[in-house]
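Biologist: Hi! Could you walk me through this one before we set anything up?

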Amino acid sequence: EEVNLRVRIERPLTTVHHAYTHFKIKMDVFLCAVDSGRVRLNGPVDFRWVRTTQIGEYAFPKANNKFMPLIFDLS
């Protein structure tokens, strides 16, 4: 809904537990595939598709670092 893409869940990837300064989160991460749609932003001001080999060039929240290695294993 954020980017106007219809995706299908291929499979669950992992669950991440992470503690920030004032709260804790549980994040369920899924491997998904795009079924249809073209990116149309509804919130973010810009987007860019990147290859897994380029991920190190971008900043991500610390919680994402807990599942990023699993994405690298898929490529």
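**Surface, fold and a pocket**

Modeller: Happy to! The chain has an accessible surface of about 6,400 Å², and carbon and sulfur atoms account for 52% of that. Accessible areas here come from the Shrake-Rupley method with a 1.4 Å probe, and for residues only the protein chains shown count as cover. This is a predicted model, in which local features need pLDDT of at least 70 and side-chain atom pairs count only at pLDDT 80 or more, while totals for chains, interfaces and linings use all residues. Residues are numbered from 1 along each chain as its sequence is written, and side-chain values use heavy atoms, with hydrogens and water left out.

Biologist: Thanks. Which pattern does the chain follow along the sequence?

Modeller: It reads β-β-α, with 1 helix and 2 strands in the chain. Both kinds are DSSP runs numbered from the N terminus: helices are H or I with at least four residues, strands are E with at least two.

Biologist: And what does the C-alpha trace span along its principal axes?

Modeller: About 35 × 30 × 25 Å.

Biologist: What percentage of the residues count as buried?

Modeller: Of the 75 residues in the chain, 15% do. Buried means under 20% relative accessible area, exposed means over 50%, and partly exposed lies in between (1.4 Å probe, protein chains only).

Biologist: What about contacts, how many join residues at least 24 apart?

Modeller: Taking contacts between residues at least 6 apart in sequence, 57% join residues at least 24 apart. Contact means heavy atoms within 4.5 Å.

Biologist: Switching to charges: how many are positive and how many negative?

Modeller: There are 11 positive and 8 negative charges, and their mean positions are 2 Å apart. Lys and Arg count as positive, Asp and Glu as negative, and His and the chain ends are not counted. Each charge is placed at NZ of Lys, CZ of Arg, CG of Asp or CD of Glu.

Biologist: Now pockets. What volume does the largest one have?

Modeller: The largest pocket comes to about 830 Å³. Its lining has 23 residues, with F30, C32, V34, W49 and I71 nearest the centre. Two or more lining residues come from each of β1 (6-19), β2 (24-36) and α1 (68-74).

Biologist: Which element gives the most to that lining?

Modeller: β2 does, with 6 residues. As for the method, it uses a 1 Å grid over the protein atoms alone: a pocket is an open set of points with protein on both sides within 12 Å along at least five of seven lines, whereas a cavity is a set where a 1.4 Å probe fits but cannot get out, and lining residues have an atom within 4 Å of a point. Points are joined across faces, edges and corners, and the volume is the space filled by probe spheres set on them.

Biologist: Let's stay with V34. Where is it placed, and which residues does it touch?

Modeller: V34 is in strand β2. Beyond its neighbours within four places in sequence, V34 is in contact with L5, R6, V7 and R8.

Biologist: Why does V34 count as partly exposed?

Modeller: Because its relative accessibility is 44%.

Biologist: What does S36 touch?

Modeller: S36, also in strand β2, touches N4, L5 and R6, not counting residues up to four places away in sequence. S36 is partly exposed, with a relative accessible area of 34%.

Biologist: You mentioned N4. What is its phi near?

Modeller: Phi of N4 is near 70°, positive in a residue other than glycine. Most residues other than glycine have a negative phi. N4 is in the segment before β1 and is partly exposed at 31%.

Biologist: Last stop, the loop between β2 and α1. Is R38 there buried or exposed?

Modeller: R38 is exposed, at 72% relative accessible area. R38 touches V3, N4 and L5, again leaving out residues up to four places away. R38 and L5 are 33 residues apart in sequence, yet 6.2 Å apart in space, C-alpha to C-alpha. R51 is also found in that loop and is exposed at 63%.
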